[in-house]
Amino acid sequence: FCSLFTFKQAAAEYHFQQAQQFKSQGEVNAMIESYEAATKDMKNIYAYWEEFGMNTFDFSTGSTDIEVVKYLLSKSIYAYQKAYELVQTQPYLQANLGLSYTVYAVVLDAGGNALEASQARQEGENFYKEAVELGVNNPLYAYNYGLLLMGLHRYDEARDAFLHILTFRDP
């Protein structure tokens, strides 16, 4: 059992390093395949899932093809969700998951999927709220939540989120 675990761990790390290399070369499909192989070998390594989510999100922002963006954002959300299942105490994870859902909602809206977009937007908002609650001393989460609410034309709630920043104490 021990040698099998060591082999799987080594294989996962190899695939993870390959994903990082493919990312730097801009080879998105190969990067995704490598991340999927790494997370298949070691399902409970939070950092693998987090990097997978972050990098697929980053590549989604550079594409103008709505189907490609939708695909990359769905991969980002999936990977961030897996990371979230493992670790729920890192507010930046909830914020990034919230951002992925929010951008995904915009893409779904553009594609005419209003119901799915509404659901994704709500998920994004929920994760942002959670990030604000967890990041009690970090005004960035409340600020970004306020920006989200402004984008939804919920100005009174956005003002409250911005004012919440003033209640933060010096760390």
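Visitor: Why is Ser100 called buried?

Guide: In this predicted model, Ser100 has a relative accessible area of 0%, and since buried means under 20%, Ser100 falls in that class. The residue lies in helix α5, which covers residues 91–110.

Visitor: What does Ser100 touch, not counting residues up to four places away in sequence?

Guide: Ser100 touches Phe57, Leu73, Ser76, Ile77 and Tyr80, where a contact requires heavy atoms within 4.5 Å.

Visitor: What makes Trp49 and Phe52 a stacked pair?

Guide: A search of the whole structure finds 8 aromatic pairs, and one of them joins Trp49 and Phe52, with 6.3 Å centre to centre and 20° between the planes.

Visitor: How are Trp49 and Phe52 placed along helix α3?

Guide: Trp49 and Phe52 are 3 residues apart in helix α3, residues 46–60, and are therefore separated by about one helical turn.

Visitor: How do you know whether Trp49 and Phe52 are buried or exposed?

Guide: Trp49 has a relative accessibility of 5% and Phe52 has 1%; because the cut-off for buried is under 20%, Trp49 counts as buried, and Phe52 counts as buried.

Visitor: Why is the pair of Trp49 and Tyr78 called edge-to-face?

Guide: The ring centres of Trp49 and Tyr78 are 5.8 Å apart with the planes at 80°, and since planes over 60 degrees apart count as edge-to-face, the pair takes that name. This pair links distant parts of the chain, with Trp49 in helix α3 and Tyr78 in helix α4, residues 66–86, at a separation of 29 residues.

Visitor: Why is Tyr78 called partly exposed?

Guide: Tyr78 has a relative accessible area of 44%, and because partly exposed lies between the limits of under 20% for buried and over 50% for exposed, Tyr78 belongs to the class in between. Through ring pairs, Tyr78 is linked with Phe16, Tyr35, Tyr48, Trp49 and Phe52 into a cluster.

Visitor: Which residues have the most contacts inside the largest nonpolar core?

Guide: They are Met31 and Leu97, in a core of 35 residues. The elements that give two or more residues to this core are α1 (2–25), α2 (28–41), α3, α4, α5 and α6 (114–134), and α4 gives the most, with 8 residues. Leaving aside neighbours within four places in sequence, Leu97 is in contact with Ile77, Tyr80, Gln81, Tyr84 and Phe127.

Definitions and conventions: Residues numbered from 1 in each chain as written. Predicted model: local features only at pLDDT ≥ 70, side-chain atom pairs only at ≥ 80, totals over all residues. Heavy atoms only, no water. Helix = DSSP H or I, 4+ residues; strand = E, 2+ residues; numbered from the N terminus. Buried < 20%, exposed > 50% of the residue type's maximum accessible area, 1.4 Å probe, protein only. Phe/Tyr/Trp six-rings, centres within 6.5 Å; stacked < 30°, edge-to-face > 60°. Core = buried A, V, L, I, M, F, W, Y, C linked by side-chain atoms within 4.5 Å.
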